[in-house]
Amino acid sequence: MKKIHLAIICLFTGCNIFAQNIDVQPIPQQISKHNGQINLSETYQLLGATEASPYAVQELKDLLGEKQPANIGLRIYIGEKGDKSIRKFTRQIPNQKEGYYLSINEKEIVLAGNDERGTYYALQTLKQLLKDNQLPVVEIQDYPAIRYRGVVEGFYGTPWSHEARLRQLQFYGENKMNTYIYGPKDDPYHSSPNWRLPYPEKEARQLQELVKVAKENEVDFVWAIHPGQDIQWNQTDRDLLLAKFERMYVLGVRSFAVFFDDISGEGTNPVKQAELLNYIDEHFVKIKPDVTPLIMCPTEYNKSWSDPAKGYLTTLGDKLNPSIQIMWTGDRVISDITKDGIEWINERIKRPAYIWWNFPVSDYVRDHLLMGPVYG
């Protein structure tokens with residue numbers, strides 16, 4: 001998508017000191033600070049590790065470092081709702097996707113997730129709270145207010161390096177972001193004319209590593225394709241597109257997007273776009289139980305570029321399978337996201353818009369960074 005180096009939804013706004021100097025980003029939904037702090041002893045009892053999120057357990061062990069598991073010492077409970085180890089804490093766990101309950105006191109630490117991602121986020125909060133081997137006595141109940149949080153690499157110009165992407169994925173995990181959409185416009189195998197071709201061996205290995213690191217950081221690695229400039233609305237190109245998706249699936253990708261932004265000609269036909277996307281949804285996404293719902297970027301991806309008289313957006317709303325997400329940048333390419341604007345687009349596409357937020361865009365302003373707190 002034109003002009004983008006963006007956070008879909010950025011979860012943090014700058015450092016805020018709250019709850020008696022406890023500093024956690026993003027700010028938890030509920031936090032109760034009690035008097036005192038605890039020191040992590042040299043030994044600990046770990047309960048629930050065999051059932052809990054393996055990524056959370058591994059990060060916990062890394063955090064504890066040279067401290068030794070034993071039958072004495074601080075008890076640490078870890079697990080997801082329904083696990084035996086944390087059953088007595090079930091009522092404290094928010095009944096929200098990716099929610100968690102974290103409790104720290106002199107006798108025990110509880111890391112209890114509503115699901116595996118929630119447990120992982122509880123661990124990330126614990127990491128932020130640990131200072132000089134000390135932890136505050138605290139209870140936290142937390143869950144995300146926004147379902148999809150992360151970054152689209154979808155700009156024009158030199159794509160990020162492999163090393164930069166790896167660090168990005170670690171950063172997303174540390175800050176409870178769950179989505180990375182890979183769609184750099186200057187990747188020749190993402191866009192026309194080479195979108196039909198497989199990645200060369202080196203690039204394929206790097207993508208495979210990115211998918212692995214994303215999974216370890218509880219991030220959905222969304223691989224996007226941009227075929228609209230030269231796609232032929234025929235079975236041959238349908239088969240080639242599904243074959244490309246299958247190759248990416250073999251590399252570990254479980255989340256996919258199709259971009260129709262910044263194109264002209266026959267590729268902009270909304271009826272044909274909807275037919276193709278529904279075909280992908282029905283012949284690939286829905287037959288693979290571990291693939292997440294498909295995302296698409298429309299040609300009219302903001303209000304100023306839309307033409308209501310031609311009915312592009314309403315056609316997508318009527319014809320696209322309901323599970324397919326539709327991206328939207330707001331009233332303009334680079335725009336505030338307003339309640340009125342969201343109501344306008346949601347009415348037309350008949351589903352909540354998937355916000356591709358272009359405010360920190362960098363490919364049209366390359367002499368300085370656009371940075372500031374999230375608001376609205």
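**Charged pairs**

Tutor: Let's start with Glu-42, which is exposed at 55% relative accessibility. Keep in mind that this is a predicted model.

Student: Which side chain does Glu-42 meet in a salt bridge?

Tutor: Lys-67, with N to O at 3.5 Å. The two sit 25 residues apart: Glu-42 is in the loop between β2 (30-39) and β3 (43-47), and Lys-67 is in the loop between α1 (54-64) and β4 (68-69).

Student: And is Lys-67 buried or exposed?

Tutor: Buried, with a relative accessible area of 12%.

Student: How many salt bridges are there by this rule?

Tutor: The count comes to 20. Another one pairs Arg-117 with Asp-220, their closest N and O atoms being 3.2 Å apart. That pair links helix α2 (residues 116-129) to strand β11 (residues 220-225), across 103 residues. Arg-117 is buried, at 13% relative accessible area.

Student: OK, new topic. What does Asp-318 pair with?

Tutor: Lys-350, in a salt bridge at 2.9 Å, N to O. Asp-318 belongs to helix α7 (residues 312-319), while Lys-350 is in the loop between α8 and β15. Both Asp-318 and Lys-350 are exposed.

Student: Which residues do salt bridges with shared partners join into one network?

Tutor: Glu-98, Arg-117, Arg-147, Arg-149, Glu-218 and Asp-220.

Methods
Residues numbered from 1 in each chain as written. Predicted model: local features only at pLDDT ≥ 70, side-chain atom pairs only at ≥ 80, totals over all residues. Heavy atoms only, no water. Salt bridge = Lys/Arg side-chain N within 4 Å of Asp/Glu carboxyl O. Helix = DSSP H or I, 4+ residues; strand = E, 2+ residues; numbered from the N terminus. Buried < 20%, exposed > 50% of the residue type's maximum accessible area, 1.4 Å probe, protein only.
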